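Please work through each task before reading its solution.

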Amino acid sequence: MPEKIVAVIQARMTSSRLPGKVLMRAKGEPMLTHLLSRLKRSSLLNDTIVATTTLETDEPIVHLCKELGVSTLRGDEDDVLSRYIQAADSSNADSIVRITADCPLIDPEIIDQTIVAHLQNGKPYTSNVLVRSYPVGMDVEVFPAEMLRRSSDQTREPEDHEHVTRHIRAHPELFSHLHVISRPSENWPELGLTLDEEQDYALLKKIVEHFPDSKFSCLDVIKLLRMNTDWVEISSAVKR
């Protein structure tokens with residue numbers, strides 16, 4: 001049987017730095033909608049699940065996903081790792097693609113490149129996160145669902161359960177790692193394209209509203225910001 005690859009997006013309304021950020025709007029649509037529309041352009045994802053919490057404050061996320069026809073999984077607020085395992089189990093996923101909701105500009109081509117690297121190299125923990133080359137906000141992690149279960153069994157550290165792949169990333173002797181590196185044209189690791197603070201929202205909103213549709217790539221964004229260096233300054237002071 002072919003590998004079933006499922007994207008799991010962790011999203012919540014109670015961000016400490018920018019509450020409600022996933023539903024902040026650009027072009028009249030929530031940032032989470034922009035993210036989900038970009039994931040639909042991946043040619044290798046079989047399904048997408050938004051993993052949120054059981055808190056009442058996250059009802060708007062569930063409502064939006066229902067409107068968009070996207071599955072949701074609700075679980076423990078702090079044990080995000082358990083949410084991912086539940087999402088993997090509910091979807092019968094063989095491999096998980098981890099995306100966070102604060103990466104609304106994620107490039108589906110980068111997702112597919114990371115999936116291909118994962119499948120062609122024996123399905124290790126595969127990411128562009130540990131060795132930085134892409135802009136922050138193009139973050140993709142791909143790993144077998146079974147690896148996540150093993151990690152959960154091996155650690156009870158609260159931080160490992162809050163930060164889904166922390167234990168896997170910290171133990172390359174237990175879990176094989178593969179690093180995906182950008183092409184030179186997409187190399188800008190100092191650039192922040194995540195939605196963490198109000199200044200980030202100002203920049204991401206300008207970027208989204210500059211392009212006529214959601215089909216722009218990471219390279220398109222880099223070219224735009226190379227030509228408009230004053231835009232980069234909008235969020236350059238944000239600590240990542």
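**Exercise 1.** Determine whether glutamate 186 is buried or exposed in this predicted model, and state which residues glutamate 186 touches.

*Solution.* 
1. The relative accessibility of glutamate 186 is 2%. Burial requires a value under 20%, so glutamate 186 counts as buried.
2. In terms of secondary structure, glutamate 186 belongs to the loop between strand S9 (177-179) and helix H8 (198-210).
3. Leaving aside residues up to four places away in sequence, glutamate 186 is in contact with Ser133, Tyr134, Pro135, Cys218, Leu219 and Ile222.

**Exercise 2.** State how many aromatic pairs the structure holds, and classify the pair of tyrosine 125 and phenylalanine 143.

*Solution.* 
1. Two aromatic pairs are present in the structure.
2. A pair of aromatic rings is described by the distance of the centres and the angle of the planes.
3. For tyrosine 125 and phenylalanine 143, the centres are 6.4 Å apart and the planes are at 20°. Planes under 30 degrees apart count as stacked, and this pair is accordingly stacked.
4. Tyrosine 125 lies in strand S7 (residues 125-127) and phenylalanine 143 in strand S8 (residues 141-144); the pair, 18 residues apart, links distant parts of the chain.
5. Tyrosine 125 has a relative accessible area of 0% and is therefore buried. Phenylalanine 143 also has a relative accessible area of 0%, so this residue is buried.

**Exercise 3.** Classify the pair formed by phenylalanine 211 and phenylalanine 216.

*Solution.* 
1. The ring centres of phenylalanine 211 and phenylalanine 216 lie 4.4 Å apart, with the planes at 15°; the pair is therefore stacked.
2. Both phenylalanine 211 and phenylalanine 216 are buried.

**Exercise 4.** Identify the ring over which the charged end of lysine 206 sits and the ring over whose face arginine 226 lies.

*Solution.* 
1. For lysine 206, the ring is that of tryptophan 231, with the charged end 4.4 Å from the ring centre.
2. For arginine 226, the ring is that of tryptophan 188, at 3.8 Å from the ring centre.

**Exercise 5.** How many residues has the largest nonpolar core, and what does leucine 39 touch?

*Solution.* 
1. The largest nonpolar core has 52 residues; Leu39 is one of those with the most contacts inside it, as are Leu32 and Val97.
2. Elements giving two or more residues to this core include strand S1 (5-10), helix H1 (31-39) and helix H9 (218-227).
3. Beyond residues up to four places away in sequence, leucine 39 touches Ala7, Ile9, Leu45, Thr48, Ile106 and Ile111.
4. A second, separate core has 21 residues, among them Val8, Ile49, Ala51 and Leu73.

Note on methods:
Residues numbered from 1 in each chain as written. Predicted model: local features only at pLDDT ≥ 70, side-chain atom pairs only at ≥ 80, totals over all residues. Heavy atoms only, no water. Phe/Tyr/Trp six-rings, centres within 6.5 Å; stacked < 30°, edge-to-face > 60°. Helix = DSSP H or I, 4+ residues; strand = E, 2+ residues; numbered from the N terminus. Buried < 20%, exposed > 50% of the residue type's maximum accessible area, 1.4 Å probe, protein only. Lys NZ or Arg CZ within 6 Å of the ring centre and 35° of its normal. Contact = heavy atoms within 4.5 Å. Core = buried A, V, L, I, M, F, W, Y, C linked by side-chain atoms within 4.5 Å.
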